[in-house]
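Q: Here is a structure with a set of terms attached to it. What lies behind each term?

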Amino acid sequence: MELILDGFEKGVRLLWAGDPEVLGIVLLTLEVSGSATLLSLILGVSTGAAVGLSRFPGRSILVSLVNTGMGLPPVVVGLFVTILLWRSGPLGGLGLLYTPTAMILAQAVIATPIVAGISIAAMQGLSERLRLQILSLGATRLQAVWLLIREARLQLLAAVMAGFGGVVSEVGASMMVGGNIKGYTRVLTTATVMETAKGNFDLAVALSLILLLLAYFITLILTNLQQRGHKR
Amino acid sequence: MRPLVLVRDLLVQRGRFTLEIPYMELARGETLALVGPNGSGKSTLLMVLGLLLRPKRGVIQLCGEKTCGLASPLALRRKVAMVFQEPLLLKGTVLKNVLMGLRLRGLKGKAALEGAVQALERLGVAHLCERDAASISGGEAQRVSLARALALEPELLLLDEPFSSLDPPSRDRLLDDLEALLLSTGTTAVMSTHDRLDEMGICKKVAVMQEGRLLQLGHPREVIQNPAHPFVAEFLDLGRTARVLESLMAPPP
């Protein structure tokens, strides 16, 4: 208990003092996980709309694959992204391994199936008659899809929260493709793992508390956005 | 005069269900009630007329234009408006809902606002303008849904059992208002109902359908007096028919 309290005190002190290293880690965590969530939002919601609003052969197989992807182990993602970005790998020429971009890519791979899976369910939950009603009001297909996405925004924001929660807390992929390089690819999760391994439990607790606070505030903002669209 | 709606040799396939209409026409300003039990094909026919469902075969002409073979039915679909059994209002205020169709059809600014408010006034729900669409009652929501369709001033108004989810007093009031509105605006309308005579009474023509077939089409009085098929007589319920006949033959107040 004392360890946690010490960690909490240290965390507050680090934040209060504006420790440049910790601040850098927090900002990079936000940048990497925020960008990955944004990427997964674009890919996941469009996949959700395309699959949730249409019927085609093999659709249920695709949905089950997406749903399986919702539980994709970060280390597996990390392994495959590393192989892809490895110097002799198919995308090795881009020189992205051990960069924040590689971390964004890996986290987007983790978050996209989460966002897509929830989006598919959300779009399928909309009444077919609502789609027909929108079309009969004179909407083009694209306008109809946009209006249906807006109708499902409560669930879609829940998808974004789940996606962000999934990536901001993962460590395996970030460690493997980012390398936990000080001042460059070190984020809150990888820093916590490292400090724990070094036995610096107070600092590890401080970093994990900052991570929890960060996740809470981002989710709070998204929840407010979500509930604003749910006035009754 | 060229009919506003012309259907010839229509065949629609939806899974195992087949809808066949050899011939049907509707002149501008006419109102048609589609009556029949569940599964008779009323909603399917409405969706085909609203260009929301492609038929397998046949000719449909709307406002003199053939709907088959069109690369995009959007321009023609925008001449039609449809109201469903449920109000199907979108998230947002009542006014935003009525404005939506107008905006989707390219009307902007003051003109759209005036059109929306006027339609809401006609249906007696203008006072709900700023209310959240999710917070109004079922009867009010159906009125808003009708206002949303009428604001578009469609060439053809399609109504798919619009009163079936309402309680009897709300339904009767809305039925009276709709009858007055259709008469005053001269809107051509097709309305499906399985409530038989009550709603049929506001239409100039009646089409009785069963299992995807059109059994009889004509003036309500003609259909009631000379049913062309035993099912028509059975479905229209002769006891109530007599009462409706009386009201149809009574001189206008």
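Q: In which hand does α6(A) cross α7(A)?
A: The model is predicted, and in it the crossing of α6(A) past α7(A) is right-handed.

Q: Which residues of α6(A) and α7(A) meet?
A: From α6(A) come L130(A), R131(A), I134(A) and L135(A), and from α7(A) come A144(A), L147(A), L148(A) and E151(A). Sorted by class, this contact has six nonpolar and two charged residues, and no polar ones.

Q: Why does Q143(A) count as partly exposed?
A: Q143(A) belongs to helix α7 of chain A. It has 16 C-beta neighbours inside 10 Å. Buried needs 20 or more and exposed needs 12 or fewer, with partly exposed in between, so Q143(A) is partly exposed.

Q: How far apart are Q143(A) and L65(A) in sequence and in space?
A: They are 78 residues apart in sequence, and their C-alpha atoms are 28 Å apart.

Q: Why does E161(B) count as buried, and why does E153(B) count as partly exposed?
A: E161(B) lies in the loop between β7 and α6 (168-185) of chain B. It has 21 C-beta neighbours inside 10 Å; buried needs 20 or more, so E161(B) is buried. E153(B) lies in the loop between α5 (138-150) and β7 (156-160) of chain B. With 15 C-beta neighbours inside 10 Å, E153(B) falls between the two limits and therefore counts as partly exposed.

Q: What is noted about the phi of E153(B) and of E161(B)?
A: E153(B) is not a glycine, yet its phi is positive, about 45°. E161(B) is not a glycine either, and its phi is also positive, about 45°. Most residues other than glycine have a negative phi.

Q: Why is α1(B) described as largely enclosed by the rest of the structure?
A: Helix α1 (residues 42-49) of chain B has eight residues, and eight of the eight are buried, so the helix is largely enclosed. The buried residues are K42(B), S43(B), T44(B), L45(B), L46(B), M47(B), V48(B) and L49(B). After α1(B) comes L51(B), with a positive phi near 55°.

Q: Which residues touch the most other members of the largest nonpolar core?
A: The core has 133 residues, and A106(A) and A147(B) touch the most other members. Helix α5 (residues 100-124) of chain A gives the most to this core, 16 residues. Leaving out residues up to four places away in sequence, A147(B) touches V98(B), A119(B), L120(B), R122(B), L123(B) and V125(B).

Q: How many helices and strands does chain A have?
A: Chain A has 11 helices and zero strands. Buried residues are 42% of its 232 residues. Its C-alpha trace spans about 65 × 50 × 25 Å along the principal axes.

How values were computed:
Residues numbered from 1 in each chain as written. Chains lettered and ligands numbered in written order. Predicted model: local features only at pLDDT ≥ 70, side-chain atom pairs only at ≥ 80, totals over all residues. Left-handed = near helix turned anticlockwise from the far one by under 90°. Helix = DSSP H or I, 4+ residues; strand = E, 2+ residues; numbered from the N terminus. Contact = placed C-beta atoms within 7 Å. Nonpolar A, V, L, I, M, F, W, Y, C, P; charged D, E, K, R; others polar. Core = buried A, V, L, I, M, F, W, Y, C linked by C-beta atoms within 7 Å.
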